[in-house]
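Hi,

Here's the structure I said I'd pass on.

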Amino acid sequence: MSFLFEPFSLNSITFRNRLVMSPMCQYTAQDGFANNWHLVHYGSRAVGGAALIIQEATAISPEGRISPGDLGIYKVEHIQKLSEIVEFIKQQGTIAGIQLAHAGRKAGCNLAWKGGKQLSTEEGGWTRYAPSSIAFQPDEELPVEMTVSDIQKVISDFCIAAERAKKAGYQVIEIHAAHGYLLHEFLSPLSNHRTDSYGGSFENRVRLLLEVATAMRKVLNDGELLFVRISATDWAEGGWDVNEAIDLCKQLKMIGADLIDCSSGGLIPTARIPLGPGYQVDFADRIRIEANVPTGAVGLITNAAQAEAILMEGKADLVILGRVLLRDPYFPMNAAGKLEHDIDWPLQYSRAKQ
Ligand SMILES: Cc1cc2nc3c(=O)[nH]c(=O)nc-3n(C[C@H](O)[C@H](O)[C@H](O)COP(=O)(O)O)c2cc1C
């Protein structure tokens, strides 16, 4: 028996195994529109046996894109190509998920492989919005401090995006509240210096994320799952930390979040992150136990035995894979082989199965 290939159910959705593709920006869209790169890229990971694919950060508004190459869902017209991708993913037995995102003060940057630096207006950049007018890097343009009506618009944009995601057929909708993007910026006292009801105390800093999650849960049916990706810590003195993250997750669970995807960091460029194999797994473990909510572990999980041990030790419910799945789309099929667990391969590939 293998824990990795044990099916897992949340509400009415059953995942065929515990291996999930982590959201990873491809910076290959134009005006938010998906294309055949996305179809083949996500399609290959579905063919390779992932139980769930969480599509890359997909912007809820044009100004919420990290770069001009980000996927978006801020136009009705975006739905068509996304539906095609979802349909192919589902045909392979994989659940299709989408990460909905607003990049906040980290928006309007160049593509990652062009250095990822902030773009000036002349270079095609745009106005950035944040809880407070504090830049991510000292040499960057200051973001605009959001008014309460800007905040209300973000909540509404998340809900409209969730409606469109449902129409496209996604069954898992993940809110991106990690890595120093807008919702994380509200959580952290380092980036949120507001003096109104969205800043200051813990209750005020978590308010926006809880309002977004509550509103989105109402948009979703029982057959659709709500995941939330958080940074469990800023890895910085005076920043957001794991104890606050646990308290937040208790509230997210109460308002109907189905799983917490436990990442970390990204809020400030000088954070000291102790990178190493499975360096974020303990967050998934603590949140799972102390907030009593299902979790996914992510970050430098790179081999089948390591992934199996995380589940066997009860540290997470799902194992979320990033870069290893860029290197090997067939990681789940290969992991099954390593763990001597027989899984179905696509019929088209069955003559290659030893
Ligand atoms: C190319 C690339 C793009 C990424 N884009 C996103 C993203 O869109 N949303 C997100 O939450 N994390 C993003 N991440 C972080 C990954 O989802 C993952 O959390 C991180 O790479 C750690 O997992 P790994 O060690 O298995 O790669 C990205 C990472 C990479 C390498």
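Let's start with a cysteine: is C25 buried, exposed or partly exposed? C25 comes out as partly exposed, with a relative accessible area of 22% (buried is under 20%, exposed over 50%, partly exposed in between, with a 1.4 Å probe and protein chains only).

Before the rest, some housekeeping. This is a predicted model, so local features need pLDDT of at least 70 and side-chain atom pairs count only at pLDDT 80 or more, while totals for chains, interfaces and linings use all residues. Residues are numbered from 1 along each chain as its sequence is written, and side-chain values use heavy atoms, with hydrogens and water left out.

Back to the cysteines. There are zero disulfides (a disulfide here is a pair of cysteine sulfur atoms within 2.5 Å). C109 itself is buried, at 10% relative accessible area.

C25 also turns up at the ligand: a polar backbone atom of C25 is 2.8 Å from a ligand nitrogen. In all, 14 residues surround the ligand, and the closest are S22, P23, Q99, L300 and R323 (near means a heavy atom within 4 Å). For P23, a polar backbone atom is 2.7 Å from a ligand oxygen. With Q99, an N or O atom of the side chain is 2.8 Å from a ligand nitrogen.

The largest nonpolar core has 88 residues, and L100, I175, M216, L248 and I287 touch the most other members (a core is a set of buried Ala, Val, Leu, Ile, Met, Phe, Trp, Tyr and Cys residues joined through side-chain atoms within 4.5 Å). A second, separate core of 16 residues includes V20, A51, L52 and L259.

I175 sits in strand β9, where both faces are covered: V172, E174 and H176 on one side, and I173, I175 and A177 on the other, are all buried (strands are DSSP E runs of at least two residues, numbered from the N terminus). Six of the six residues of β9 (172-177) are buried, so the strand is largely enclosed by the rest of the structure.

As for its partners, β9 runs parallel to β6 (residues 95-101), joined by four bridges (pairing takes at least two DSSP bridges). I98 has I173 as its bridge partner in β9. β9 also pairs in the parallel sense with β10 (residues 225-231), over six bridges, and there A177 is partnered with I230.

Cheers

Definitions and conventions
Polar contact = N/O pair within 3.5 Å; in protein donor to acceptor, adjacent residues only side chain to side chain.
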